[in-house]
Amino acid sequence: MAHAHAKPEHDYHLLEPSPWPILTSASVFALAVGLVLSMKGIDVAGMKLGPYVLGAAIIALIYCMASWWADVIREAEHEGHHTRVVQLHHRYGMLMFIGSEVMFFVAWFWAYFDAALFPAEAVQFTRLEVTGGQWPPKGIETLDPWHLPLLNTLILLTSGTTLTWAHHAMLENDRAGVKQGLWLTIALGALFSLVQAYEYTHAHFDFTGNIYGSTFVMATGFHGFHVIVGAIFLAVILARVYRNHFTPHQHLGFEFAAWYWHFVDVVWLFLFVSIYVWGSNIRYFH
């Protein structure tokens, strides 16, 4: 009889039972409950439990994510389960994840263009009153696209270049180049976030109470959140580089971080052209 732990004679990885899927699902559910309780100010037994539920859910979710990904790293680095077939399936999964993120941004762009192209839409009976029949709406002083938005565009494009440099250094087994490129990319991502925060605080329109501010901040703010997530992703990859987790022939985690960051770059180019440049200078009168 074959040993229970003998290496299977196929390229697929049959996962061991894991607690992390169910625990992560429970954490996400608790996160949703905490958000509802906090935003609605709902009392539970006479107490405001929302912030406590939310905080505990966030801690639990971070713990589950870190533990689950640690198991994946162990399976790849120490147990050798990530064969070429398994890596191919991981790539399919990452592509589908990025595709789902694309659809999120489609929703924000759709909301923006619907309001911008049809500011006096008859079906939306309150829109004419809100926009004055033009876009940008009456009373809205838009941001100058050739000031901070252009600076942030240059910052993100440069970060894509430094990340590509790090990737090529990885392929050449140049550890110093990988570290330098990742450090620069993370720093540029942090700089982008700081510039965007400064831009938000100096905008001449509110982010609530008007359709322009709402659509603007949902599109650009959601992208800003992705920049922060991408920078954290790259920081984790950098820590793994320092622990010698990657080789020139196997660095799937690095590739996924690069894919995600380049996706964020491309989305920003669409935001800059459509919302900052086009949306700030084209007015439609009906």
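User: Is R91 buried, exposed or in between, and what is its relative accessible area?

Analyst: This is a predicted model, and the value is computed from it. R91 is partly exposed, with a relative accessible area of 23%. Under 20% would count as buried.

User: Which residue does the side chain of R91 meet in a salt bridge?

Analyst: A salt bridge is read from the distance between a side-chain nitrogen and a carboxyl oxygen, which has to be within 4 Å. The partner of R91 is E255, and the N to O distance is 2.9 Å. R91 belongs to helix 3 (residues 84-117) and E255 to helix 8 (residues 252-281), so this pair ties together parts that are 164 residues apart in sequence. E255 is buried, at 15% relative accessible area.

User: How many salt bridges does the structure hold?

Analyst: There are three. One of them joins D71 and R74, with the closest N and O atoms 3.3 Å apart. Both residues sit in helix 2 (residues 50-77), three residues apart, which is about one turn of the helix. D71 is partly exposed at 21% relative accessibility, and R74 is partly exposed at 33%. Another salt bridge is formed by the side chains of D43 and K48, at 3.1 Å from N to O. Here D43 has a relative accessible area of 45% and K48 has 48%; D43 is partly exposed, and K48 is too.

User: Which residues form a nonpolar patch on the surface?

Analyst: To read a patch, look for nonpolar side chains within 5 Å of each other, on residues with over 30% relative accessible area. In this model L88, Y92, L95 and M96 make up such a patch, and together they have about 430 Å² of accessible area. Y92 is in helix 3 and is partly exposed, at 46% relative accessibility.

User: How much space lies in the largest pocket?

Analyst: Rolling a probe the size of a water molecule over the atoms shows where empty space is left. The largest pocket holds about 2,100 Å³ of space. Helix 1 (20-40), helix 2, helix 3, helix 7 (211-242) and helix 8 are the elements that each give two or more residues to its lining.

User: Which element gives the largest share of that lining, and which residues lie nearest the centre of the pocket?

Analyst: Helix 2 gives the largest share, 12 residues. The lining has 43 residues in total, and M65, W69, F97, V229 and F233 lie nearest the centre.

User: How do the residues of the lining divide into nonpolar, polar and charged?

Analyst: In the lining of the largest pocket, 29 residues are nonpolar, 10 are polar and four are charged.

Methods: Residues are numbered from 1 along each chain as its sequence is written. This is a predicted model: local features need pLDDT of at least 70, side-chain atom pairs count only at pLDDT 80 or more; totals for chains, interfaces and linings use all residues. Side-chain values use heavy atoms; hydrogens and water are left out. Buried means under 20% relative accessible area, exposed over 50%, partly exposed in between (1.4 Å probe, protein chains only). Helices (H or I, at least four residues) and strands (E, at least two) are DSSP runs, numbered from the N terminus. Patches are made of residues with over 30% relative accessible area and no salt bridge: like charges are joined within 9 Å, nonpolar side chains (Val, Leu, Ile, Met, Phe, Trp, Tyr) within 5 Å. Accessible areas come from the Shrake-Rupley method with a 1.4 Å probe; for residues, only the protein chains shown count as cover. On a 1 Å grid over the protein atoms alone, a cavity is a set of points where a 1.4 Å probe fits but cannot get out, and a pocket is an open set with protein on both sides within 12 Å along at least five of seven lines; lining residues have an atom within 4 Å of a point. Grid points are joined across faces, edges and corners, and a volume is the space filled by probe spheres set on the points. Ala, Val, Leu, Ile, Met, Phe, Trp, Tyr, Cys and Pro count as nonpolar, Asp, Glu, Lys and Arg as charged, and the others, Gly among them, as polar.
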